[in-house]
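Hello,

Here is the structure you were asking about.

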Amino acid sequence: MTQPLPPKRGLARNTANYGDRDFALYLRRSFAKSMGYSQAMLDKPVVGIVDTGSDYNNCHRTVPELVEAVKRGVLAAGGLPLAFPTVSLCEPSLFPTSMHYRNLAALDTEAMLTAQPMDSVVLIGGCDKTVPAQLMGAASADIPAVQLVTGPMLATPFQGERLSACTDCRRYWAAYRAGTVTRDRIDEIEGRLATTAGTCGVMGTASTMACLAEALGMVPLGHGSIPAVHADRLRAAEEAGALAVRLITAPIRPSQIITAESVENALRVLLALGGSTNALIHLTAIAGRRGVKIDLHRLNELSDTTPVLVDLKPTGEGYMEDFHSAGGMPALLWELRDKLHLGCIDVTGVPLGERLTKPAFVDRRYIRAASEPVSPVGGIVALFGSLAPRGAILKRSAATESLFETESRAMVFDGLEDLANRIDDPDLDVIPADIMVLKNAGSLTPAGMPEAGYLPIPQKLARAGVKDMVRMSDCRMSGTAFGTIVLHITPEAAAGGPLALVESGDRIRLSVRNRSLDLLVDEAVLARRRAAWVPPAKAARGWDRLIQEQVLQADEGCDLAMLRMAG
Ligand code: FES
C-alpha cells in the first residue's frame with residue numbers, strides 16, 4: 001500500500017496547479033532565488049508576516065521596525081520570515097469610515113493567508129479595525145497565527161495635564177464648541193494630542209481590541225498593552241516571531257483558541273475594562289467566523305455579574321501606559337479568575353489557569369481589586385424593545401446615571417447630512433430633555449456605520465452649559481467617547497427596522513433598569529409609516545454594492561454573510 005505523502009511545508013505549500021506541481025514548485029523557487037535567498041533558506045519552514053505599515057496609518061508608524069524584530073525572532077528559531085502587505089486601515093484617514101472597509105481587510109488577510117505559502121503567520125495590526133480584521137481572517141484561514149499589536153501611544157505632559165488621543169480631543173473640541181476654549185488654544189492643543197507612535201492612548205477601540213485579543217489567547221499574555229515606543233514592544237515582536245516558528249512543529253490553530261469559552265472570557269474582559277462598544281461588534285464578527293454566537297441577553301447576564309475594574313479614560317482617569325505599568329492584562333485576569341473559563345489555551349498552548357499567577361505588584365489606581373471595583377456591574381448593557389427588536393447597546397459606564405430612566409420627545413435627524421445641516425441651527429426645536437435620534441447611518445448605508453453616535457450637543461445648548469443628553473442611533477461611537485448614548489439599534493433604519501419610522505415629536509422610553517428601549521407610538525400610525533417607507537437605493541457597483549448585498553446587522557458583527565462560518 002502506498003504511504004501518504006508527508007504534508008507540504010514552507011514554499012512547497014499551495015503550489016499552483018499547471019498539471020505538473022513539481023514544475024510549479026521549481027518555478028516558485030527559481031523566482032524566489034531572484035530575491036537572493038539560498039537553497040538552505042528556501043528549505044526552511046515559512047512564517048508569513050502581515051505588514052500593515054502605511055503612510056496613511058500613523059498608528060502603524062512602527063510597523064517597519066516591528067517587522068524587522070519579528071524577522072529576527074523567526075530567523076533565530078530556524079524559520080524563513082516573509083513579510084507581505086495587506087489593506088491597512090487608519091481610523092481618521094478613511095472615507096466614509098474605516099468600518100466600511102474592515103471586512104475588506106479581513107477578506108484580504110484571509111485570502112493572502114490561504115493563497116501564499118506559509119506554515120504560520122504573525123499578524124501586525126493596531127488601529128481600531130485592523131486587529132479585528134486580522135483575527136477574522138486568521139479565524140477563517142485557520143492557520144497557526146500570533147497577533148502582534150503595535151501598542152498604545154504615550155500621553156503627553158502639557159501645562160500641568162496629560163493629553164492623549166482621543167478622549168482629550170473630544171473634551172477640548174466640546175469645550176471649543178461651547179465657547180470656553182479659544183481658536184488659538186484649540187490649534188495649540190491639536191499638536192499635543194498625539195505626540196508618539198502608537199494607537200490611541202485611552203481605553204478606546206484599539207486598546208480594547210488589544211486586550212480582548214489577549215483574553216482570547218491570540219496575543220501572548222502581557223503583550224497587548226506594551227506601549228508602542230517601549231523597547232519591550234520590540235522584544236514582544238521578536239518573541240512573536242519565535243512563537244510562530246514553534247507553532248509550525250506544534251500547531252495550535254485559531255479554531256482551538258477562539259471557542260465559546262474564550263469568547264465569553266473576552267466578553268468578561270470587555271465589561272471589566274469598561275471597554276469600547278465597537279469591540280462588541282468586532283468580537284461578534286470574530287466569534288462568528290468560528291461558528292460561535294454572542295447572545296446579547298447573555299451579555300446582560302455577564303454585565304450584571306462582572307465589575308468594572310479598570311479606571312482609564314474615557315470613563316476614568318488613566319491612560320494605557322498606566323494600565324500597562326499597573327499590571328496590565330495579567331493583573332486584570334487574575335482579579336477576574338473566578339469568573340473565567342480557565343481551561344482555555346492561547347497561542348502558547350498553555351491553559352489560562354496555568355498562565356495566571358498572583359501579580360507581585362498592582363497599581364490599584366488603575367486596576368482595582370474585585371472587592372473594590374470602579375463599578376460593581378459591567379460597562380455595557382444591551383437594550384431590547386419596540387425600537388430595537390434585535391437589540392441596542394448602551395455604555396453605562398460612560399453615561400450619565402440621572403438619564404438612565406428617560407421618557408421624552410424625539411428630535412430626529414434623518415441622516416448625517418441632515419445632522420450636519422441642522423445641529424447648530426439657532427432655531428432648532430430642541431431642549432435638553434429631548435432624545436436626539438439619528439437614523440440612516442447603519443452598516444447598510446453609504447455612511448458605513450460611522451462613529452457618529454456621539455451626536456454633538458446642539459451648539460445653543462452646549463453654550464448654555466448642557467454636557468449630556470440622551471442620544472440614539474443605528475451607528476457606532478468611538479471607544480474614546482462618552483455620554484448617554486444608545487448605539488447599534490438593530491435592525492437599522494436602512495433595513496426597515498422600527499428606527500426608520502421614528503419622527504420628531506414621537507415619544508421614546510429608555511429604561512436601563514429594565515434593559516428596554518421603546519417607541520411609544522400607536523401601531524396604526526406605525527403601520528401607515530411602514531407602508532410609505534421606501535428602502536434606500538443600492539450602489540451601482542463595487543465594494544459598496546457588495547456591502548449592501550452582504551453585510552449583516554450589528555448583532556451578527558456586521559460581517560459579510562458569505563464570510564461567516566458555513567453550517
Ligand atoms: Fe488608530 Fe485611534 S486612530 S487607534
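This is a predicted model: local features need pLDDT of at least 70, side-chain atom pairs count only at pLDDT 80 or more; totals for chains, interfaces and linings use all residues.

Residues are numbered from 1 along each chain as its sequence is written, and side-chain values use heavy atoms, with hydrogens and water left out.

Helices (H or I, at least four residues) and strands (E, at least two) are DSSP runs numbered from the N terminus. Two strands pair if DSSP finds at least two bridges between them.

Four strands form an open sheet with parallel pairing, in the order β2-β1-β3-β4. Its edge strands, β2 (80-85) and β4 (145-149), each pair on one side only. From one strand to the next the twist averages 20°; axes are lines fitted to C-alpha atoms, for helices over the stretch in contact, and angles run from 0 to 180 degrees between N-to-C directions. Helix α5 (residues 130-141) packs on this sheet and touches β1 (46-51), β3 and β4, where contact means heavy atoms within 4.5 Å. The direction of α5 makes about 160° with that of β3. Five bridges join β3 (residues 120-125) to β4 in the parallel sense, and V122 stands opposite V146 in β4.

Strand β10 (residues 435-438) pairs in the parallel sense with β9 (residues 405-413) over four bridges, and with β11 (residues 470-473) over four bridges, also parallel. V437 of β10 is the bridge partner of V412, and L438 stands opposite S473 in β11. Both faces of β10 are covered: I435 and V437 on one side, and M436 and L438 on the other, are all buried (under 20% relative accessible area, with exposed over 50% and partly exposed in between; 1.4 Å probe, protein chains only).

E264 lies in helix α11 (residues 260-273). E264 counts as buried because its relative accessibility is 18%. Its side chain makes a polar contact with that of R298 at 2.7 Å (a pair of N or O atoms within 3.5 Å; within protein, one must be able to donate a hydrogen and the other to accept it, and residues adjacent in sequence count only if both atoms are side-chain atoms).

A nonpolar core is a set of buried Ala, Val, Leu, Ile, Met, Phe, Trp, Tyr and Cys residues joined through side-chain atoms within 4.5 Å. The largest has 100 residues, and L332 is one of those touching the most other members. A second, separate core of 30 residues includes A452, C475, I547 and V551.

Regards
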